[in-house]
Amino acid sequence: MAQQVYTLLVQVGRKSGDGLPDGATGAGLICYASGKDEAEAVRETVALLKNADMAVLDVTGYGTLAEREAEGHDIPDEERALMDRALAENAVIVAGSEVFYDAPEAKG
């Protein structure tokens with residue numbers, strides 16, 4: 001089976017040396033990962049992030065480009081270019097991240 005690129009949302013927690021800002025509780029990472037199937041793409045992504053001292057908590061797969069298009073996702077050219085790069089380089093590309101912080105406690 002040919003390599004395909006899968007869109008993954010990876011949630012990470014805190015771990016010493018993870019590079020997240022002080023006070024952060026974790027992060028969500030959008031990754032494009034190549035693989036023969038989604039399971040391989042997930043394994044490669046988790047291995048890469050663990051090697052970078054990230055504490056992987058959960059991975060949600062959103063499928064291939066074709067699957068996302070079939071679901072009606074609007075996929076900008078920049079995102080398509082990153083997917084093409086992941087496929088060409090047989091790589092995992094972290095395309096975006098959002099750092100999470102605990103919400104301040106309400107005072108009442």
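How many positive and how many negative side chains does the chain have, and how far apart do the centres of the two sets lie? Hello everyone, let's start there. There are 9 positive and 20 negative side chains, with the two centres 6 Å apart. Please keep in mind that what you see is a predicted model.

Now for the overall layout. The chain has 3 helices and 4 strands. Taken along the principal axes, the C-alpha atoms fill a box of roughly 55 × 30 × 20 Å.

Next, the sheet. Its 4 strands form an open sheet, ordered β3-β1-β2-β4, and the pairing is antiparallel. At the edges sit β3 (55–64) and β4 (92–101), each pairing on one side only. From one strand to the next, the twist averages 20°.

Let's look at one pair in there. Strand β1, residues 4–13, joins strand β2, residues 24–35, in the antiparallel sense over 9 bridges. For an example you can find on screen, glutamine 4 has glycine 35 in β2 as its bridge partner.

And the helices? Have a look at α3, residues 77–89, which lies across β1, β2 and β4. Helix α3 runs at about 65° to β2.

Finally, some totals for the chain. Of its 108 residues, 32% are buried. The accessible surface is about 6600 Å², and carbon and sulfur atoms hold 49% of that. As for contacts with a separation of 6 or more, 72% are between residues 24 or more positions apart.

Definitions and conventions: Residues are numbered from 1 along each chain as its sequence is written. This is a predicted model: local features need pLDDT of at least 70, side-chain atom pairs count only at pLDDT 80 or more; totals for chains, interfaces and linings use all residues. Side-chain values use heavy atoms; hydrogens and water are left out. Helices (H or I, at least four residues) and strands (E, at least two) are DSSP runs, numbered from the N terminus. Buried means under 20% relative accessible area, exposed over 50%, partly exposed in between (1.4 Å probe, protein chains only). Contact means heavy atoms within 4.5 Å. Accessible areas come from the Shrake-Rupley method with a 1.4 Å probe; for residues, only the protein chains shown count as cover. Lys and Arg count as positive and Asp and Glu as negative; His and the chain ends are not counted. The place of a charge is taken as NZ of Lys, CZ of Arg, CG of Asp or CD of Glu. Two strands pair if DSSP finds at least two bridges between them. Axes are lines fitted to C-alpha atoms, for helices over the stretch in contact, and angles run from 0 to 180 degrees between N-to-C directions.
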